[in-house]
Amino acid sequence: MTELQPRCNPDGVYSVKRACAELGVSFKTFRKYRDMGLIAPVNPQNRYRPKFSGQSIIDCWKRLTTL
């Protein structure tokens, strides 16, 4: 995970690949965070192409840095 807060736009919408890049984690680690409930997609009905808000990426990073 990156030490610096992600610089993504809080109002933006990001793919899984981009969200992983912003957090500095692998896809497997990102899936673990999602299973733990640290981050949720903005379109939960679409299992195959989930999208994540920039604010949820930032919130996930903040939760992980306080653990």
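The structure is a predicted model in which local features need pLDDT of at least 70 and side-chain atom pairs count only at pLDDT 80 or more, while totals for chains, interfaces and linings use all residues. Residues are numbered from 1 along each chain as its sequence is written, and side-chain values use heavy atoms, with hydrogens and water left out.

Two packed helices are described by the angle between their axes and the distance between the axes. Helices (H or I, at least four residues) and strands (E, at least two) are DSSP runs numbered from the N terminus. The axes of helix 1 (residues 16-23) and helix 3 (residues 54-65) come within 10 Å and cross at roughly 40°; axes are lines fitted to C-alpha atoms, for helices over the stretch in contact, with angles from 0 to 180 degrees between N-to-C directions. Helix 1 and helix 3 are therefore oblique to each other, given that angles under 35 degrees count as roughly parallel, over 145 as roughly antiparallel, 65 to 115 as roughly perpendicular and the rest as oblique. At this site A19, E22 and L23 of helix 1 meet I57, C60 and W61 of helix 3, contact meaning heavy atoms within 4.5 Å. The residues of this contact comprise five nonpolar, no polar and one charged; Ala, Val, Leu, Ile, Met, Phe, Trp, Tyr, Cys and Pro count as nonpolar, Asp, Glu, Lys and Arg as charged, and the others, Gly among them, as polar.

Beyond its neighbours within four places in sequence, Y33 is in contact with V25, L38, I39, C60 and L64.

A19, located in helix 1, is buried, with a relative accessible area of 0%; buried means under 20%, exposed over 50% and partly exposed in between (1.4 Å probe, protein chains only). Apart from neighbours within four places in sequence, A19 is in contact with Y14, F30 and I57. A19 and S53 are separated by 34 residues in sequence and by 8.8 Å in space, C-alpha to C-alpha. S53 belongs to strand 2 (residues 52-53) and counts as buried at 17% relative accessibility.
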